[in-house]
Amino acid sequence: MTLQEKLDTMRAASRTRIPAEAQAIMHRSIDDLRASGIMSRVAKVGQSAPDFTLPNAAGQPTSLGDLLTRGPVVLSFYRGRW
């Protein structure tokens, strides 16, 4: 199964799992984001990330620039449920 097929399957499953009222809110939020012009500010493939500093697992500030001095960095964005 291709990635697109997997995504399509997940999207179809969410339509039956997520209540229509929640789906409507999600779609309105997506439309609002697109209308805000945010898509023109989204990083493009291959574009360098801006430097930033965040706390690491021990709570110590860690910057992207510092990490890059040690070699390539892979950024992973996890959208979890809190």
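**Figure 1. Burial and overall dimensions of the protein chain.** Of the 82 residues of the protein chain, 9% count as buried. The model shown here and in the following views is a predicted one. The radius of gyration of the protein chain is 18 Å, whereas a compact globule of 82 residues would have a value near 12 Å. The accessible surface of the protein chain amounts to about 7,800 Å², of which carbon and sulfur atoms supply 60%.

**Figure 2. Order of the secondary-structure elements.** Three helices and two strands make up the elements of the protein chain. From the N terminus on, these elements follow the order α-α-β-β-α.

**Figure 3. The salt bridge between Asp 8 and Arg 11.** The structure holds one salt bridge. Its partners are Asp 8 and Arg 11, with the closest N and O atoms 3.3 Å apart. Both residues belong to helix H1 (residues 3-17); because Asp 8 and Arg 11 are three residues apart there, about one helical turn separates them. An α-helix has 3.6 residues a turn, so residues three or four places apart point the same way. Asp 8 has a relative accessibility of 37% and therefore counts as partly exposed. Arg 11 is likewise partly exposed, its relative accessible area being 44%.

**Figure 4. Helix H2 and the residue Gly 37.** Helix H2 comprises 16 residues (residues 20-35). At 1.5 Å a residue, H2 should span 22 Å, and the 22 Å between its end C-alpha atoms agrees with this expectation. Gly 37 follows H2 and has a positive phi, near 90 degrees.

**Figure 5. Pro 50 in the loop between H2 and S1.** Pro 50 is placed in the loop that lies between H2 and strand S1 (53-55). Its relative accessibility is 62%; because a value over 50% counts as exposed, Pro 50 is assigned to that class. Between Pro 50 and Met 26 the C-alpha to C-alpha distance is 29 Å, and the two residues are 24 residues apart in sequence.

Technical notes: Residues numbered from 1 in each chain as written. Predicted model: local features only at pLDDT ≥ 70, side-chain atom pairs only at ≥ 80, totals over all residues. Heavy atoms only, no water. Helix = DSSP H or I, 4+ residues; strand = E, 2+ residues; numbered from the N terminus. Rg over C-alpha atoms; globule rule 2.2 N^0.38 Å. Buried < 20%, exposed > 50% of the residue type's maximum accessible area, 1.4 Å probe, protein only. Areas by Shrake-Rupley, 256 points an atom, 1.4 Å probe, with all protein chains shown as cover. Expected span 1.5 Å × (residues − 1). Salt bridge = Lys/Arg side-chain N within 4 Å of Asp/Glu carboxyl O.
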